[in-house]
Structure formats: C-alpha cells, structure tokens
Amino acid sequence: MTSVGIDAFEIWTGNLVLDLPNTFAPAQGEDPEKYTKGLGLNASSFPDSYEDIVTMGANAAHRLMERKGLTPEDIGRIDVATESSFDKSKPISTYVAGCLEQVYEGDFHHANKGERKFACIAGTQCLDDAYNWIRAGRSRGRAALVIATDTALYERDDPGEATQGAGAVAMLIDEDPNLVELSAEQGYGSADETDFLKPQQQFPSVDGKRSMQVYLARMREALEDYESVAGASHPDDFAYVPFHTPFPGMVRKAAVLAYRHTIRDTPIEADLAEEIGRQPRREDFDDKAGYDEAIRGYVDDLKATERYQTWYETTIEPTLTISREVGNWYTGSVHLARASALIHAAETDRDLAGSALGVGSYGSGAQAEVHAELVADGWHEEIEAVSDHLDDQLAERYDLTFTEYEAVHDAHNHDKDVETAELTTPSREFVFDGWGRMGERKYRYVE
Ligand code: CAA
C-alpha cells in the first residue's frame, strides 16, 4: 500500500514581534525570568494591522505552492484549522482560495473546502481528514492543502497575554510524502471540559491553571489509548516527541509524565531504582491521595536524574526552538514543534530517515491525540528549504515598543473601532483590503 503523509510545508509568521522579557515584562511590572525561565518564551509573533488569519494562511499556502511548483488543479482539498475565525458560516478556506486565485490562472472550483474547529487540535484533525480522503481513494491523484492559522490573542491583562502569538503553517498531504508518513494507529483522550472557550466572543475565557491540568490528563489518556493499538511505547522509540506547545514550560510538565509512564516495568525503571526507587504502584496505597502524592515525589526525583535530563535534551528540547521565539500559534503549534525538531536534526547532521516521531496534539475543551510518524527519505531537502525562509522571516519582524503593542492589540480587537498605521511595508504578500458590501473582509496581493 502506498504511504500517505506530509509531503511539504511552509510557515508564515506575523510581521511584528513583542519582546517578552525586555518590553512586555517591565511594562507589566514582572520579572523577565517569569517569561524566559518559567514559561520558556522569549517573544510573541504579532500581526500587523493588515494581517489576519486569511492573509497569513494564504501567504503560507502561496509560498508552499510556489516552492513545489503546484497549480490549483493539483489541489483537491483545502481544509483550514483555526480557532480565530471571524465568519460563522463562510469557511476561511474559501477566503484563502479567493486570495490564491488572484495570483494563479486556474481556480479551486473542484476542490472540497472546509474549516475545522476543536481549539488547537483542529490542525491535526485536518491531517486526519486529508489522510482518510486519500486512503479512501477519493483524491483523483490530487493533494490536500491543510492550513493551520491563528491570531492567538488574549484580553489585555489576562494571564494568557504572556503566551500570545500569530502565524500559519500550510501543509501538503500526499501519497509517497517527502517529509513524514502517517499511519492508521492513533490514540485519543477526550472529555467535555470548560478550561478554555470562546462562547460568542473574540478573546478566550481561560481557567489557566485548570487548562494545564486538563492538558496533562487528556494527554495521558491519549497515550494509553495509543498504546492499546500500537503496543506499549518506550522512550527510545522516538527520535523526537513534538507536543502541542502553548508555551515550552507546559511541555516540560507533559514530557516528564510521559517519560514516567513509558519507563514503567522497563529496564530503565530498574536502572533508576537504585537512585530514586521504583515508581509507586496504586495497589500499595490505601487511598488515591496518598498514591498521587507519592507519584509527585517520584516525578520530582525523576526530573533530576541525568538519564531523564539527557533524554529531555535530545528528544524534547529541540522541539521548542521556534515556539520560544513566536509564542502560541494554537492550531499551528504542534506543527511548529515538528518543524523545530526536524530543523534541529538537519543542523546537527542527524540521519533521521526511517526514524519515528511521537506526536502529541491537544485542543482545549478538550481533546488530546497521540500518533507516530515515520520520517521519510526526502525530509532533509524539504526541511532545509523551510528553514532558510523561516530564519529570514523571524529576523525581519518589526520589534514593537509597548505603546505600539497596545495600539496594535486594540486594532485587532473587534470591539474597538480603532485604526492603526501599518508598522511594516507589505511586500509580495496578501493583505487585508477593507470591507465588502455584505460585510465580508476583502484581500489583495501586494507585489
Ligand atoms: N523566575 C522563574 N520562574 C518564574 C518566575 C521567575 N521570576 N516567576 C514565575 N515563574 C514560573 C512559575 O513558577 C510558573 O512555573 P511552574 O508552573 O513550573 O511553577 C511559570 O513561571 C508561570 O508563572 P505563573 O504560574 O505565575 O503564571 P501565570 O499564573 O501568570 O500564568 C498561565 C500562567 C496559567 C499558563 C497563563 O499564561 C495562561 O492562562 N495561559 C493561557 C492558557 C494556556 O496556555 N494553558 C495551557 C494548557 S491549555 C492549551 O494548551 C491550549 C492552548 O493552546 C491555549
């Protein structure tokens, strides 16, 4: 059977950057190390006043199509994942297709278009849809375009303001992929939760601390469900483990729990027993509270072992590089983590073809999903092309002062009728171009 997976991708960051330790922290009266050490973030990407989820998604997709030499006829499906949609009926994929049709001769009239919503996990769900569509034999030899695009903004002075970000990841899903192959084995952890939601509002209502607990609980369920189909996993199964990364500190917490789970009853647990004892077993405790406390103590000890730290430095830390510089991109976040890992492998001359990645996606509300991906032979060439562009784009972002940040945040606030001058000059990209007669947002391509 032919393999199906991610053939290629491109990243598009918002054109502005907010320096968290040097600009945001002092203005908020906070210690810069809360950002750099606690949350693990240096900066947030931010959209200029002419940017939004459509421009960033269309720009990422355009760049991808140009690099791969594709025309609209090569695409049979466009799925957009976002939790920042401004239209409750017309999907963002139609706006994106409209943008792309301005720069291509052909059109996307025979491509199936949709929009997926389940907080940050929707990008991964779009990959599933594309995979299933191709596997079902419905693609007519065409590829699917999956675009994860978000402006992850919070209400001013909400604790979440520290973790904002804006950008898009466009992925091409096809047979015989160059980058990674997907498989039918996956695990879910899903429950009705009210940790983070946007009922009829632009900015989220967030119970921050609870959202972190829910992330960990659902991720654990998803890992157990994955193991029920793929067999027990072992930390050495995966070259890298990209997680959904709202901020790197969250992944620090998830990684140690995943490691603890996967070393249970393995020689690693036995090797570590001399240093930190064996993991507590539920049957040895009268009540759950006592067991939970013992597990917390074991996890603290585990975190401090050289063995764990070496695994973390090799398998997890390299997935966090982009996130530290751009913040949370919601639906794009786990796909940035994969990109960070592959860029790290290329930079350190790691021969990754045939290795596995263990991918942990998450969306508030809440659902986690765990699956493995097999790195394909063409990964190196593909990642080098992405990485050159990405470095340039990150370096070229306009560095906001705090006053400018306040103005740009207001300009993106749907409840405020303010206009802000552009801080950057768009070039060879789609931009927001005002409102149409039915209240639709309009776009044009700037040479
Ligand atoms: N030096 C070093 N570390 C410091 C520090 C300093 N001066 N000051 C604080 N820290 C540490 C804290 O100890 C804490 O680390 P630990 O959790 O390991 O103890 C970390 O920095 C953050 O500090 P606070 O807990 O005081 O931060 P906060 O209460 O202001 O907010 C937050 C943190 C709850 C994550 C908030 O940013 C938030 O609500 N974010 C949005 C929700 C979110 O991202 N949740 C994540 C799971 S949900 C999800 O993943 C979906 C999604 O994308 C939104």
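User: Why is Glu224 called partly exposed?

Analyst: Its relative accessible area is 34%. Buried means under 20%, exposed over 50%, and partly exposed in between, with a 1.4 Å probe and protein chains only. The value 34% falls in between, so Glu224 is partly exposed. This is a predicted model, where local features need pLDDT of at least 70, side-chain atom pairs count only at pLDDT 80 or more, and totals for chains, interfaces and linings use all residues. Residues are numbered from 1 along each chain as its sequence is written, and side-chain values use heavy atoms, with hydrogens and water left out.

User: What makes Glu224 and Arg220 a salt bridge?

Analyst: The N to O distance is 2.9 Å. A salt bridge needs a side-chain nitrogen of Lys or Arg within 4 Å of a carboxyl oxygen of Asp or Glu. The pair meets that cut-off, so the label applies. Side chains of opposite charge can pair when their charged atoms come close.

User: Why is Ile343 called buried?

Analyst: Ile343, found in helix α12, has 11% relative accessibility.

User: Which residue forms a salt bridge with Asp52?

Analyst: Arg441 does, with the closest N and O atoms 2.9 Å apart. This bridge links distant parts of the chain. Asp52 sits in the loop between β3 (43-46) and α3 (53-68), while Arg441 belongs to strand β16 (residues 441-446), 389 residues apart. Asp52 and Arg441 are both buried.

User: How many salt bridges does the structure hold, and which residues are linked in a network?

Analyst: There are 24 salt bridges. The network links Asp7, Glu10, Arg67, Lys68 and Glu382.

User: What makes Arg441 lie over the face of Phe86?

Analyst: Arg441 is 5.2 Å from the ring centre. A charge sits over a ring if NZ of Lys or CZ of Arg is within 6 Å of the ring centre and within 35 degrees of the ring normal. The distance meets its limit, so that part of the test is passed. The charged end of Arg350 likewise sits over the ring of Tyr240, 4.8 Å from its centre.

User: Why is the pair of Phe24 and Phe402 called tilted?

Analyst: A search of the whole structure finds 19 aromatic pairs. In this one, the ring centres are 6.3 Å apart and the planes are at 40°. Rings of Phe, Tyr and Trp (its six-membered ring) pair if their centres lie within 6.5 Å; planes under 30 degrees apart count as stacked, over 60 as edge-to-face and the rest as tilted. The angle belongs to the rest, so the pair is tilted. Phe24 in helix α1 (residues 20-28) and Phe402 in helix α14 (residues 402-411) are 378 residues apart.

User: Are Phe24 and Phe402 buried or exposed?

Analyst: Phe24 is buried at 1% relative accessible area. Phe402, at 18% relative accessibility, also counts as buried. Phe402 forms another tilted pair with Tyr405, 5.7 Å centre to centre with 45° between the planes. Phe402 and Tyr405 are 3 residues apart in helix α14, about one turn. Tyr405 is buried, at 0%.

User: Which residues form the aromatic cluster?

Analyst: Phe24, Tyr35, Phe46, Phe402 and Tyr405 form one cluster.

Note on methods:
Helix = DSSP H or I, 4+ residues; strand = E, 2+ residues; numbered from the N terminus.
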